[in-house]
Amino acid sequence: MNSTIAKTFHFSASHMLTGLRGSHKCMNMHGHNYEVEVVIEGPVNSKTGFVFDYGDMSEIDDWIQVNFDHAHICFNESEATIVKDACIDILNSRKDDLNDYDARVYVLGRSASAENIADEIFQAARAVTPLVKSVRVRETENTWAKNRN
């Protein structure tokens, strides 16, 4: 017997989209409270009754939190450097203590769209289990992108 399960995770991050017309509002730095749904599909284990243990999906959430939560998702290393330098300049101007400060950035290597973020999480989730069928990333209550096998 095959079955499908899903678990939802959350993270907050900022990004700037590339390749859009100059007046597009998403070219500005902005952020979202993202919702990620990971769907797993496969045969039910006769001993456990599980397709996959929900608890083991914490590995996927751990990856999301370490890489994306409260980070700026960057197109490339150049953008990452600019963002880090700007954060340090702002904190210095406020006389904040910068001991052990490291601006959180994640270099995606492509436009930080919901579609590309979903694909990045999909690839990371598939490294945990090949049973991952899809990953859906919701930027707002009305918009989402889905990557599926």
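This is a short talk on the fold of one predicted model, from the whole chain down to a few residues.

Some ground rules. It is a predicted model, where local features need pLDDT of at least 70, side-chain atom pairs count only at pLDDT 80 or more, and totals for chains, interfaces and linings use all residues. Residues are numbered from 1 along each chain as its sequence is written, and side-chain values use heavy atoms, with hydrogens and water left out.

Let's start with the overall picture. The protein has 3 helices and 6 strands. Helices here are DSSP runs of H or I with at least four residues, strands are runs of E with at least two, and numbering starts at the N terminus. Along the sequence, the pattern reads β-β-α-β-α-β-α-β-β. The C-alpha atoms fill a box of roughly 60 × 40 × 25 Å, taken along the principal axes. Of the 149 residues, 38% count as buried. Buried means under 20% relative accessible area, exposed means over 50%, and partly exposed is in between, with a 1.4 Å probe and protein chains only. Now contacts, meaning heavy atoms within 4.5 Å. Take those between residues at least 6 apart in sequence: 65% of them join residues at least 24 apart.

Next, the sheet. In what order do the strands of the open sheet stand? The order is β4-β3-β1-β2-β5-β6, and the pairing is mixed. Two strands pair if DSSP finds at least two bridges between them. At the edges stand β4 (105-107) and β6 (143-148). Each has a single partner strand, so one side of each is left without a neighbour in the sheet. From one strand to the next, the twist averages 30 degrees.

Look at β5, residues 132-140. With β2, residues 30-43, β5 pairs in the antiparallel sense over 6 bridges. Val39 stands opposite Ser134 in β5. Val38 stands opposite Val135 in β5. With β6, β5 also runs antiparallel, and 6 bridges join the two. Thr140 stands opposite Thr143 in β6. A hairpin through 2 residues joins β5 to β6.

How do α1 and α3 cross? The axes of α1 (residues 58-67) and α3 (residues 114-128) come within 9 Å and cross at roughly 140 degrees. The two are therefore oblique to each other. On that scale, under 35 degrees is roughly parallel, over 145 roughly antiparallel, 65 to 115 roughly perpendicular, and the rest oblique. From α1, the contact uses Glu59, Ile60, Trp63 and Ile64; from α3, Glu120, Ile121, Ala124, Ala125 and Val128. By class, that contact has 7 nonpolar, no polar and 2 charged residues. Nonpolar covers Ala, Val, Leu, Ile, Met, Phe, Trp, Tyr, Cys and Pro; charged covers Asp, Glu, Lys and Arg; the others, Gly among them, are polar.

First up is Ile117, in helix α3. Is Ile117 buried or exposed? At 0% relative accessibility, Ile117 counts as buried. Leaving out residues up to four places away in sequence, Ile117 touches Phe11, Tyr34, Phe68, Ile73, Leu108, Ala112 and Val137. Its C-alpha atom is separated by 9.6 Å from that of Val135, 18 residues apart along the chain.

Then Asp85, in helix α2 (residues 77-93). Asp85 is partly exposed, at 42% relative accessible area. Asp85 and Ala103 are 18 residues apart in sequence and 8.5 Å apart in space, C-alpha to C-alpha.

His70 has a positive phi of about 55 degrees, although it is not a glycine. Most residues other than glycine have a negative phi. His70 is exposed, with a relative accessible area of 60%.

Key: Axes are lines fitted to C-alpha atoms, for helices over the stretch in contact, and angles run from 0 to 180 degrees between N-to-C directions.
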